[in-house]
Amino acid sequence: MFEIELLEYNKILNIIQNYSFLDETKKRIIDLRPTNDKEIIFKSLGEVSDAKNFIFRNSYVEIVKYSLKDIIDRIRIGASLTISEINEILSLSITSSKYISYYKKIKNLGVEISSLDVYFDNILSLKPIENEIRKIIDDDLNIIDTASNELYKIRKNIRQVEANINSKLSDLLKSLSSKLSEAIITIRNGHKVIPIKSEYKSHVKGIIYDESQSGQTVYIEPLQISELENKITSLKNEENKEINRILYELSVFISSFYDAIKNNDLNIKELDFIFSKARYAKEIDAVNVVESNVIDLIDARHPLIDKDEVVANDISLDKKRTMIITGPNTGGKTVVLKTLGLLSLMVQSGILIPVKEGSKTVIFSGIYADIGDEQSIEQSLSTFSSHMTRIVRIINSIENDSLVLLDELGSGTDPKEGASIAISILNYLRRRNIYSVSTTHYPELKEYAYQNSDILNASVEFDNESLKPTYRLLINVSGSSNALLISEKLGLNKEIIDEAKNINLEFRDEESNLIKRLEEENLKVKQLKQDYLTLKAKLENDIKNNEISFKAERNKLYKRLDVLTEEKNKLLEKTQKEATILLDEIKKVKKEIESGNKVKEDVIASLRGKTNSLYKDKYIIKSKNKNEIKVGDSVRIIEYDRIGTVLSINKNKYTILLGSLNSTFSKNEIEYVDVINQEEKAIKDIKRESTINNTVSTRLDLRGFRYEEAKEALEKFIDDALISNLNVVEIIHGYGTLALRNMVIDYCKSHDQIKSYRPGDENEGGRGVTICYLK
């Protein structure tokens, strides 16, 4: 037996059914009842949990409402279906397509296996049915003219006859204008008629269908119109026969898909049922639970209380199967009972519950409750009798592994007798190994709980400052009514309060005082534990936030590194291509020189320019201490060993130009550097490449050469020197007639790659030698 009414289980079902689309699903939800079949329970919970996961990943399917309840058998035998019945099948087909599309999207999101696969995999496409129906029936549920050639002809004839009728009526209105009461065409008894003055009725051949109240007007359908109307009637009969034939053929076609239709209908209704519970679970933040032989509901919330207002509680019964809750009235004791009972009913109905992940529960053989203070006027029962009547029914019905919830056990009678009966009932439940949670005001039951190790004492917390309950459940702490404290805070005379306190102390025995001290110590331990848990949670949160920040910074650095690496690779690739082209050009020039061919000066200048350009972005970097980095300074990005220029500074953040991209770094990530262009080094590198196995002399001796021979030799020598990147060369021309010396000086003056020249010193050969400095 499961207590449904007192625990407000039906309210949950009424909420869930609002999430379903199909009427049959709504009825199934309203009729849903708990079970103790574990296989059914956890299969259902798993399906709802998977559906909730689907909803989080890709929402849910909005079904086109339909019902095959009254027509599925007619489909099976191939009976001729009505247009509205065919429309139900069309809605099923559309819904089937929606589910197939939805399932594909779920699989594309990486959901590999779920308990819902068996339903989705068995939904087949009914697109052929949908296509065939749309050829015949439009969105307004009318048969389309082109549903058949015959129907098209019939309707065309009908339209032609109707046009003929309207035309003739218009002509009659003109020709009979003097005999008309009013120049209009109207309808009487389904016939188109014209209003003729009574004195002229014999002038118009036709059928009189009506007469005005004054008798001055008669409504006549002219004979020629009657004949056309008869033709219309005949055509309409033909139209209906053709429509019936079309619908029958369509029905036969649909019946050939009977198995697929029936199968899809069953699977879609099952998914609608599951997803209704899943959508509700998402709304209340509900999760699945773990089956156990103990109850451990973490942060359990009553699902009918607004989730922004409800107080979550840990409700636990482990080896101790009996819990006694004490505390003030309206403090939340009954809510705890109802929460445990209702959540247990929901679990055993395959409904996820609002608790934290990892919560555990027992599958009870039955759930019983005596909650509320209801007197039976009809049966003349007092509060005590009303409670006891239900308890008697519970005691006579319970089985092993039942859950019993008893509110204000033993109340409504003499406190001593009530406490005695309460203790006896609890002893009976304990002997039967029944799970039970009871609420009470009796101090005897608090002492009873402390005396028995298999009973769990609990209470609902009360805020002594605000004089309001907090609705928090405190385990291993018994409560009190707080009557003295509340009365004192509300301003009751101090003399009365003091006397009441003294009387209260006289009522207490040594055992009661010990219990009070134990409770006070327990509260202190609880507070210390709570402080510890709060600090632990804060530290865990700090660690988590630090990890998130670290990962974010790391990802940011990785992105920077990717950008810099990409830029570096592009630059290297470009430089390598340019270097390859330049070396090919140098080799060509070198080959020309070796072949004795003259190389023009502008070719040499161009090669030298390309060399300089190729290495214009190459630098010799020297780190240098500098306290203040300014806009325009060159800096090194320490981590990536890249050089950039400072574009802007904002507090401790420096925006650095790296190639064509900007990036921001903090001051401790960069250092100031001196940048020295190393063009000369680059040129020397090219020189080494271009002069492999060849040594170019720095001295040219022209003595003994004829003028033309000397000039040609000088040009080749200077070309080789420039290609080999020599800085200084020595040209010996002797004294003689000074012709060779003048030729050399004129050549140096006119060559744009010769920076300067001078005569040699005494130890270099004096005026018989000219020293040239190359650019």
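1. A residue is called buried when its relative accessible area is under 20%, exposed when over 50%, and partly exposed in between (1.4 Å probe, protein chains only). By this definition C748 is buried, with a relative accessible area of 3%, and C772 is buried as well, at 0%.

2. The structure is a predicted model, in which local features need pLDDT of at least 70 and side-chain atom pairs count only at pLDDT 80 or more, while totals for chains, interfaces and linings use all residues. Residues are numbered from 1 along each chain as its sequence is written, and side-chain values use heavy atoms, with hydrogens and water left out.

3. The confidence should be read with care. pLDDT is the predictor's confidence in each residue, from 0 to 100. The protein averages a pLDDT of 83, and 85% of the residues score at least 70. Over residues 374–380 the pLDDT stays under 50, and the model has eight contacts there beyond four places in sequence (contact means heavy atoms within 4.5 Å). Residues 677–694 also have a pLDDT below 50, with 32 contacts in the model beyond near neighbours in sequence.

4. Which residues touch the most other members of the largest nonpolar core? They are I254 and I261, in a core of 99 residues. A nonpolar core is a set of buried Ala, Val, Leu, Ile, Met, Phe, Trp, Tyr and Cys residues joined through side-chain atoms within 4.5 Å. Helix α10 (residues 258–283) supplies the largest share of this core, eleven residues. Apart from this core lies another, of 21 residues, including M388, I391, L409 and Y442. Leaving aside neighbours within four places in sequence, I254 is in contact with I75, L81, I86, I89, I129, I133 and I261. In soluble globular proteins, nonpolar side chains tend to be buried together.

5. Helices (H or I, at least four residues) and strands (E, at least two) are DSSP runs, numbered from the N terminus; two strands pair if DSSP finds at least two bridges between them. Strands β11 (residues 403–406) and β12 (residues 435–440) pair in the parallel sense over four bridges, and Y435 of β12 is the bridge partner of L403.

6. S453 lies in the loop between α14 (443–451) and β13 (455–463). This residue counts as exposed, at 64% relative accessibility. K320 is 133 residues away along the chain, yet the C-alpha atoms of S453 and K320 are separated by 7.8 Å.

7. Another open sheet has four strands in the order β21-β22-β24-β23, again with mixed pairing. Strands β21 (699–701) and β23 (754–759) stand at the edges with a single partner strand each, so one side of each is left without a neighbour in the sheet. In the antiparallel sense, β22 (residues 728–732) pairs with β24 (residues 769–774) over five bridges; E730 has I771 in β24 as its bridge partner.

8. How many disulfides does a search of the whole structure find? The search finds zero, a disulfide being a pair of cysteine sulfur atoms within 2.5 Å. C748 is in no disulfide, and its nearest cysteine sulfur, that of C772, is 3.1 Å away.
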